[in-house]
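Here are my notes, as promised, for you to read alongside the model. I have kept them as numbered points so that you can check each one in your viewer.

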Amino acid sequence: MSEVGVRCLKPISMFQIYTKNYTEAKVASTEECKTSPWTDIAQHKLKAEQEISNIKGLNYVVLRPAIVYGPGDRTGLTPRMLVGAVYKELKETMRLLWSPELRTNTVHVTDVCRAIWHLRNAGNSGQVFNLADKGNTTQGQTTEFVSQIFGIQYEFLGSVISSVAKISLPEICEELNEKHMEPWSTICQRNGIVNTPLSPFLYEEQLYNKHLCIDGSAIETTGFTYQHPHLTVNSLREVVEGFAGQDLFPRSLLS
């Protein structure tokens, strides 16, 4: 790529390359922290970072965003919202593993795009920048917002029950997906939605007791500012309303 005049490559990596267990929760991972990928995708992302660094003469800056949300999001916080929508249909309390304090740091997609554009004239080649807003988002905050959007009740199972469940996590994940997918399909059909890329399907790593906690302040030393410093209920509502406007999300669930 350096041979064809690439001005500055900005590969998008991910936060799962950092290890963050429950006991390490008080300190957010910085760009200098040890990497230890705990998902398959994260392993390949880190390998890609390493391979890019070996390209002679290539000008590049690596971005490691937290959970990305905002218009068009399908894999960040949207699956969590879709699960909440399913529980509105089921008229059941949504139960979650672990505690509300489990960190699930976020960054708005607009700020990710702005960071990419900003770094065309900022930062040095080879630098790595985390991207995370100022809210230090937890799963408790996100779940409360989902509850407000869909009018559902929720509870966290706590560490004791969750630790027991951890032994059978693959089976539990499979059971949850079976419980969620059928009513989701039913709701979509009732609303005339024949095909949608949205799904409440959960992957096993989304149930881990892993703090997704990174420090996104380093990029601010280059003059960058976050336009969305905190996750809000309105920013999440905007996502599902946007999909509803495209007939990809059941409008009946927003009434």
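1. Asparagine 136 sits in the loop between strand 5 (128–131) and helix 4; helices (H or I, at least four residues) and strands (E, at least two) are DSSP runs, numbered from the N terminus. The phi of asparagine 136 is positive, about 45 degrees, although the residue is not a glycine. As background, most residues other than glycine have a negative phi. Asparagine 136 is partly exposed, with a relative accessible area of 31%; buried means under 20%, exposed over 50%, and partly exposed in between (1.4 Å probe, protein chains only).

2. A word on the source: this is a predicted model, in which local features need pLDDT of at least 70 and side-chain atom pairs count only at pLDDT 80 or more, while totals for chains, interfaces and linings use all residues. Residues are numbered from 1 along each chain as its sequence is written, and side-chain values use heavy atoms, with hydrogens and water left out.

3. Aspartate 247 is found in the segment after helix 7 and, at 49% relative accessibility, counts as partly exposed.

4. Glutamate 220 pairs with lysine 134, and their closest N and O atoms are 2.5 Å apart. This pair links distant parts of the chain, 86 residues apart: glutamate 220 is in the loop between helix 6 and helix 7, and lysine 134 in the loop between strand 5 and helix 4. Glutamate 220 is partly exposed at 26% relative accessibility, and lysine 134 is partly exposed at 43%.

5. Next comes helix 4 itself. Helix 4 (residues 139–150) has 12 residues and spans 16 Å from its first C-alpha to its last, close to the 16 Å expected at 1.5 Å a residue; the expected span is 1.5 Å times one less than the number of residues. Because 9 of its 12 residues are buried, helix 4 is largely enclosed by the rest of the structure. Among the buried ones are Phe145, Val146, Ile149 and Phe150. The cover over the buried residues includes helix 2 (78–90), strand 3 (94–96), strand 6 (154–156) and helix 7. Glycine 151 follows helix 4, with a positive phi near 65 degrees.

6. Which residues have the most contacts inside the largest nonpolar core? They are Met81, Leu131, Phe150, Trp184, Ile219, Leu236 and Phe249, in a core of 64 residues. Such a core is a set of buried Ala, Val, Leu, Ile, Met, Phe, Trp, Tyr and Cys residues joined through side-chain atoms within 4.5 Å. Setting aside neighbours within four places in sequence, phenylalanine 249 is in contact (heavy atoms within 4.5 Å) with residues including Leu82, Phe150, Trp184, Ile193 and Val240.

7. Glutamate 49 forms a salt bridge with arginine 64, the closest N and O atoms being 2.6 Å apart. This pair links distant parts of the chain, with glutamate 49 in helix 1 and arginine 64 in strand 1 (residues 62–65), 15 residues apart. Both glutamate 49 and arginine 64 are buried. Leucine 46, in helix 1 (residues 40–53), is buried at 11% relative accessible area, and its contacts beyond four places in sequence are Ile17, Thr35, Pro37 and Arg64.

8. The whole structure holds 7 salt bridges. Aspartate 111 is buried, with a relative accessible area of 0%, whereas arginine 114 is partly exposed at 24%.

Key
A salt bridge is a side-chain nitrogen of Lys or Arg within 4 Å of a carboxyl oxygen of Asp or Glu.
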